[in-house]
Amino acid sequence: MVPESTTASTTVGDVLARAVTALGGSERSGQVAMAEAVSQAMRDEQHLLVQAGTGTGKSLAYLVPALVHDQRVVIATATLALQHQLVERDLPRLVEAVKDVEGLDTSYAVLKGRSNYACLHRIREGVPDDQGVLVDVPQGSMASKVLELRTWAEKEAETKGSGERDNAPRHTDREWRQVSVGHRDCLGASKCPFGQECFVELAREKAHRSHLVVTNHSLLAIDAIEGVPMIPDYDVAIVDEAHELVQRVTQAATAELSPSDVERAARRSQRHVDGEQADELADAAETLRDAMADAPPGRFESLPVALADALVLVRDAARACISAYPRGSSESKDAEGDAGLQQAKGSVQEVFAIADRMASGAQADVLWLSEGRDRLPPRLHVAPLQVWGQMRDKLLTDKTVVMTSATLMLGGDFSSVATSVGLKPTERVLDGVGPAKSEDVLPWTGLDVGSPFDYARQGILYIARHLPAPGRDGLGKAQLDEIVELVDAADGRTLGLFSSRRAAETAAEEVRTRLPHLTTLAQGEAQLPELAAQFVGDPHTCLFGTLSLWQGLDVPGDTCQLVLIDRVPFPRPDDPLMSARAQAADKAGGNGFMQVSATHAALLMAQGAGRLIRTTTDRGVVAVLDPRVATARYGSFLKASLPPMWSTTDPRVVRQALARLAATG
């Protein structure tokens, strides 16, 4: 195994101390312990799970060992926000701080999915529409914005810029799609006339020259699990925001199909296929539409016969259509370089792959039909029943992996998260395979480096035991009264985390009506950054919302002194994937509710409660309005997943504490 340092005198401790001093900070015990553990894991080639609370300085604690390690290290994040923080702030400051350390390779690069970069081919030559005709600038209000994005991309190419979406002028998703492509529509560097200028290819070349590569969970999964080479060869993967890894890997392996997708592929094939194969694919789309109309929405434990037959028909028609495409210049004037042909064929290949996967009815997949909503037609979805097996076999067996987050210990230990990512081999009973053999065991270590916060003094966990258990009809009068009383005592300063959009809107309307002197914001009334800025700007403000507020919102100080959680965020009973996973665990002799539903809820609650204390001076209350946390058997598991705040069920004590905080705020 490689040594810990690049030179005999360059140790992780030396570099960390130098970096902390140069950045004007002071070493924290948790940060030092984490850096040493990460270095040890790299040296011993042993997987490591590190829970590092907010304020620990975990980015520096893994970046320093990654720099000192003498082979390439990949750092994967769940969100573009953290990726941006690492590349734009943390790494440049660290590199500057350690620039005089001899023998240290401080080169780094960022890799994102293809659609995060502008596409010069699309910008300069347009893209084929459904008839294969190249279309240019869209008409109407989008035109000026798309032209602005094109001008920006050309300047990026001229100045050797990155062409990344994050650096582009302000735009919408729809506008960005006019200047970018996904993997399906990419010609590939060897066939594209602008391949040598391609922003994606240049980013990959830079990654091949760099010691550190910063990417995201999805790209890591596609590279390691699906075997699609996206990242240069590396020795160690550091996964930040690791509590989201399973969800992101699952998303990367999930596919959708609708009759419109099949029809579009058929239309795009019309000008490239001489026979009737494109028409037959269009006919198959109609058969699929009829079968979907007759099928009930929700998860299929076994495919309805008509739907199974329709998927086989689509699969076979797509295969025949692919075979009918011209092969090489002898059959087409410029087949290999024809953008319309390449992209049209790619769309049929994607239809074939998805239909083939759905038609196979593999036990390793979950298939469901979603209802049409908001003018969107119904769609078929397929997702893996579990991803821990692929992660263990394709990633954890070949690489050393360090996973870190502020919330990895659920129920008081690492076992739930370790199982979900493939590091608890005895849990192979989840899919009925049976107990693990000794050779399947992958050694790993779990480490909790604590937090610089004194949760017992800084925060109160209030469980409203006196309230009725939440029902299916949303918030009742008792819950609404409780919310108003708590918000009134806090004089605003409230972040409300709700299990549904309807609940958030109902609570917001109630607070507006009964406490009109406060400003109450509800998610959906404006873009989230705008709502967050307004929330931070006025302490007498409440912000109520759903899932995107539970994770990632950073509002330190007096802005947020009360975090409301309306109910335990169990997955919906009709959630196709979660219900399938719970059922599989039950069938294998486990406890599906605890392994799937309670674990999901514990993770979200830990993330939600983590919005309260963001600095050593923050004070406040996390109020859970669901009495089951105090009364149900699983309540202790949920409580053990939350920060160790002082706990009470007395509403008077909590209102008095909030009033005192408001008076001094």
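Trainee: Is Ser269 buried or exposed, and what is its relative accessible area?

Mentor: Keep in mind that this is a predicted model. Ser269 lies in helix α11, which covers residues 259-269. A residue counts as buried under 20% relative accessible area. Ser269 is therefore buried, and its relative accessible area is 0%.

Trainee: Which residues touch Ser269, leaving aside its neighbours within four places in sequence?

Mentor: Ser269 belongs to α11, and neighbours within four places in sequence are set aside here. With those left out, the contacts of Ser269 are Ala278, Cys321, Tyr325, Ala344 and Val348.

Trainee: How many of the eleven residues of α11 are buried?

Mentor: The buried residues of α11 include Pro259, Asp261, Val262 and Glu263. Ala265, Ala266, Arg268 and Ser269 are also among them. The helix is largely enclosed by the rest of the structure, because the buried residues of α11 number eight of the eleven.

Trainee: Is Leu212 buried or exposed, and at what relative accessibility?

Mentor: Leu212 is in strand β6, residues 212-216. Leu212 counts as buried, with a relative accessibility of 0%.

Trainee: How far apart in space are Leu212 and Tyr234, C-alpha to C-alpha?

Mentor: In sequence, Leu212 and Tyr234 are 22 residues apart. In space, the C-alpha to C-alpha distance between Leu212 and Tyr234 is 9.1 Å.

Trainee: What separates the C-alpha atoms of Val101 and Ile225?

Mentor: Val101 is in the loop between α4 (80-97) and β3 (108-110). Val101 is buried, at a relative accessible area of 11%. Val101 and Ile225 are 124 residues apart along the chain, and their C-alpha atoms are separated by 36 Å.

Trainee: Where is Arg572, and is it buried or exposed?

Mentor: Arg572 sits in the loop between β18 (562-565) and α22. In sequence Arg572 is 460 residues from Lys112, and in space the two are 32 Å apart, C-alpha to C-alpha. The relative accessibility of Arg572 is 54% and the cut-off is over 50%, so Arg572 counts as exposed.

Trainee: What is the phi of Asp491?

Mentor: Most residues other than glycine have a negative phi. Asp491 is in the loop between α18 (477-490) and β15 (494-497), and at 22% relative accessibility Asp491 counts as partly exposed. Asp491 is not a glycine, yet its phi is positive, at about 55°.

Trainee: Is Arg493 buried or exposed?

Mentor: Arg493 is also in the loop between α18 and β15. Its phi is positive in a residue other than glycine, near 50°. With a relative accessibility of 3%, Arg493 counts as buried.

Trainee: Which residues does Thr407 touch, not counting residues up to four places away in sequence?

Mentor: Thr407 is in the loop between β12 (400-405) and α16 (415-421), and Thr407 is buried at a relative accessible area of 9%. Its C-alpha atom is separated by 30 Å from that of Glu525, 118 residues apart along the chain. The residues that Thr407 touches are Gln51, His243, Leu603, Ala606 and Gln607.

Trainee: How are α22 and α23 oriented to each other?

Mentor: Helix α22 (residues 576-587) and helix α23 (residues 592-609) have axes 7 Å apart and pack at an angle of about 150°. An angle over 145 degrees falls in one class. The two helices, α22 and α23, are therefore roughly antiparallel.

Trainee: How do the residues of the contact of α22 with α23 divide?

Mentor: From α22 the contact uses Met578, Arg581, Ala582, Ala585 and Asp586. From α23 it uses Gly592, Phe593, Gln595, Val596 and His600. By class, the residues of this contact are five nonpolar, three polar and two charged.

Trainee: How far apart are the end C-alpha atoms of α23?

Mentor: α23 has 18 residues, and at 1.5 Å a residue they should span 26 Å. α23 also bends by about 35° at Ala598.

Trainee: How many residues of α23 are buried?

Mentor: α23 is largely enclosed by the rest of the structure, because the buried residues of α23 number 14 of the 18.

Methods:
Residues numbered from 1 in each chain as written. Predicted model: local features only at pLDDT ≥ 70, side-chain atom pairs only at ≥ 80, totals over all residues. Heavy atoms only, no water. Axes fitted to C-alpha atoms, helices over the stretch in contact; angles between N-to-C directions. Helix = DSSP H or I, 4+ residues; strand = E, 2+ residues; numbered from the N terminus. Parallel < 35°, antiparallel > 145°, perpendicular 65-115°, else oblique. Contact = heavy atoms within 4.5 Å. Nonpolar A, V, L, I, M, F, W, Y, C, P; charged D, E, K, R; others polar. Expected span 1.5 Å × (residues − 1). Bend = angle between axes of the 7 residues up to and from the residue. Buried < 20%, exposed > 50% of the residue type's maximum accessible area, 1.4 Å probe, protein only.
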